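Here are some worked exercises on a two-chain model. Try each task on your own before you read the solution.

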Amino acid sequence: MPKPLIALIAAVLLAIGVSHFSDHIDPYYLDVITGVGINVILAVSLNLVNGYTGQFSLGHAGFMSVGAYLSAAVTLLLGPKLLGDSGGSDLAQGLVFLGALIAGGLGAALAGLAVGIPSLRLKGDYLALVTLGFGEIIRVVFQNVESLGGALGLNGIPNYTTVFWVYSFAALTVFTVVCLVRSTYGRGFLATRDDEIASESVGLNTTRYKIVAFVVGAFFAGVAGGLYGHFKLTITPTGFDFTKSIEIVVMVILGGMGNTPGVILAAILLTVLPEVLRAVDQYRMVLYSLLLIVLMLVRPKGLFNFDYAAIASRLVRRLRRARG
Amino acid sequence: MTEFLQQLLNGLSLGAIYALIALGYTMVYGVLRFINFAHSDVFMVGAFIGFYVGERLPSGTITGGLVVLAAAMAGCAVLGILIERIVYRPLRGGPTLNVLITAIGMSLFLEYTGQLVFGATPRAFPSIFPAKVVEVHGLIISMNQVIVILVAAVLMVALEFTVYRTKIGTAMRAVALNPKAAQLVGINVDVVISFTFGLGSMLAAAGGVLYALNYPSIDPLMGVVPGLKAFVAAVLGGIGNIPGAALGALILGMVETFVDGSRWSTYKDAIAFAILIGILLFRPAGLLGRFAAEKV
């Protein structure tokens, strides 16, 4: 069996294990752990677009909101019909939730396709701006759809998100992105990033690569949105604004663009850091922003941008030598 | 008809404010090719300087109002130059995305420091200029609107003069065209960039005070939405193009005011972006920008 697949299965098993003991974990820590997992999905999926394909997207929160609303709509509207009055068994609830998450992901992917086809002709700052614009448009539309709660948002979403769901999908996201980029087909993402003109001249369809990256990224953002909705139990359009997109972008850049382990570490750090800084709550955001500036000045290639493969192989070699 | 004229007037004053902010974005983009996200927060700081100075002056006099404007502009010019010197200069020549992230960090820093220093609750802005309302054939013209349009017009003419008729303006245009060549002919690029930041921040400060006059409540996050729209305006007109920024801002101000007055008013914020996307798709260089083909 290929190594990434083993890693995926191991991660899912670990998620099941942790989920099993979640009753014994302090609810506060459980909240933070769940938040970390959701942010890992968001950051790793955005990394496919921003890091590996080199397209600067500022609309990730928009796709997240599509997934959040769609999956919440599924569990709120379809859920009771499918599960009946008793609320259904755990398995039935799980299946409904899985369906809702996938529906949210597919909806977001469709939105990604609709946004990507016209806007991916643009480059750099302009692309950033158009994706930002689309993100804002999605938010304003949700604010105006009364059946989805309008500006007040959707309330009473069932509490389905568990550590198991979050970390299984986080593992699946990492698995998909890593395998996609390492595949023969996926080399095209890197080529598109490194030199678009050269890639085109050797016959790569760079537009298609960009769209594929965008759609896959949007799918996982949608799933993360679904998980987020069933974790916070209430979603408002303003929760998915420009600031949220920036937050995800910062994770990607701090981790080092196109460096999945680094991005995962950055997602963990940037979710935990505000919690740690809560003790000095007043100064929390000031410190956070200062840290961002200082990091960019001191370590501009990203905080966690190491060659992880080299570090791992060096460790393995040292272990082997130590063993004799 | 009266209603149309009324909306036109409202749109003009909103567009004038957007123009003041957009000019700063477009000038910085012109010389450095990056989006200065902290610009919208310099706008906020300008409004707050105006607030503190305005509180200490007798309200409702033209001189007092002009003093407030001048104080805000001077304060923000210093702030803008400091931001560039301390934060952006060490990153110059680095990857664009890192500069962008630093700018976002700077923006968050100003917003949250603002919440600490100024407090997060919105405050009423003092009426520093004489508040008078004139009615002409049913058309309601407030003194504040007239002042907004007048001040913006004067500042834009002054800017036009600075950029096209002075030595430093020529240097600015040279740096925008080609920084390396500008350096070769003896232009001190650092000075020009500092000057550009100072100039842009001054205009943003004026915009901040004028915005606060018309929408008389200020808070540390007030810059985010107008800043974003002003940037949209700059792109609409062709980023890096000074008359383009003013034109884009006026168009955006008008369209927004008219949409606000129609039954789609709740979509106001989305429509600004929809127009932007349309423009970028069909004319990516903006209305007045010239399209440059990418060379290998």
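**Exercise 1. How does the span of helix 12 of chain A compare with the expected one, and what do its buried residues pack against?**

Step 1. Helix 12 of chain A covers residues 281-298, which makes 18 residues. Helices here are DSSP runs of H or I with at least four residues, strands are runs of E with at least two, and both are numbered from the N terminus.

Step 2. From first C-alpha to last, helix 12 of chain A reaches 25 Å, close to the 26 Å expected at 1.5 Å a residue. That expected span is 1.5 Å times one less than the number of residues.

Step 3. Now pick out the buried residues of helix 12 of chain A: A:V286, A:S289, A:L292, A:I293 and A:M296. A residue is buried if 20 or more other C-beta atoms lie within 10 Å of its own, exposed if 12 or fewer, and partly exposed in between, with C-beta atoms placed from the backbone.

Step 4. These buried residues pack against helix 10 (242-255) of chain A, and also against helix 3 (62-88) and helix 4 of chain B.

Step 5. A quick word on conventions and confidence. This is a predicted model: local features need pLDDT of at least 70, side-chain atom pairs count only at pLDDT 80 or more, and totals for chains, interfaces and linings use all residues. Residues are numbered from 1 along each chain as its sequence is written, while chains are lettered from A and ligands numbered from 1 in the order in which they are written. Among the elements of chain A, helix 12 of chain A has the lowest mean pLDDT (79), and helix 9 (residues 206-232) of chain A has the highest (94). pLDDT is the predictor's confidence in each residue, from 0 to 100. For chain A the mean is 87, with 98% of its residues at 70 or more.

**Exercise 2. What does chain B put on the side that touches chain A?**

Step 1. Count first: 31 residues of chain B are in contact with 30 residues of chain A. Contact means that the C-beta atoms, placed from the backbone, lie within 7 Å.

Step 2. Helix 4 (96-118) and helix 11 (268-282) of chain B each supply at least two residues of that side. The largest share, 13 residues, comes from helix 4 of chain B.

Step 3. Sort by class, and this side of chain B has 23 nonpolar, seven polar and one charged residues. Ala, Val, Leu, Ile, Met, Phe, Trp, Tyr, Cys and Pro count as nonpolar, Asp, Glu, Lys and Arg as charged, and the others, Gly among them, as polar.

**Exercise 3. Describe the overall build of each chain.**

Step 1. Chain A has 13 helices and zero strands, whereas chain B has 11 helices and four strands.

Step 2. Chain B has a radius of gyration of 19 Å, close to the 19 Å that the globule rule gives for 296 residues, so chain B is as compact as a globular protein of that length. For chain A, the value of 20 Å agrees with the figure near 20 Å for a compact globule of 324 residues. The radius is taken over C-alpha atoms, and the rule is 2.2 Å times the number of residues to the power 0.38.

Step 3. The C-alpha trace of chain A spans about 60 × 55 × 50 Å along its principal axes; for chain B the box is roughly 60 × 45 × 35 Å.

Step 4. In chain A, 49% of the 324 residues count as buried. In chain B, 52% of the 296 residues do.

Step 5. Take the contacts with a separation of 6 or more: residues 24 or more positions apart account for 83% of them in chain A and for 77% in chain B.

**Exercise 4. Where do positive phi values turn up in residues other than glycine?**

Step 1. A:L233 has phi near 70 degrees and lies in the loop between helix 9 and helix 10 of chain A. A:L233 counts as partly exposed because it has 15 C-beta neighbours inside 10 Å.

Step 2. B:R33 has phi near 55 degrees. Look for B:R33 in the loop between helix 1 (2-32) and helix 2 (39-56) of chain B.

Step 3. B:H137 takes a positive phi near 50 degrees in the hairpin of strand 2 and strand 3 of chain B, with two residues between the strands. Strand 2 (residues 133-136) and strand 3 (residues 139-142) of chain B pair in the antiparallel sense over four bridges; pairing requires that DSSP finds at least two bridges. B:V136 has B:L139 in strand 3 of chain B as its bridge partner.

Conventions:
Contact = placed C-beta atoms within 7 Å.
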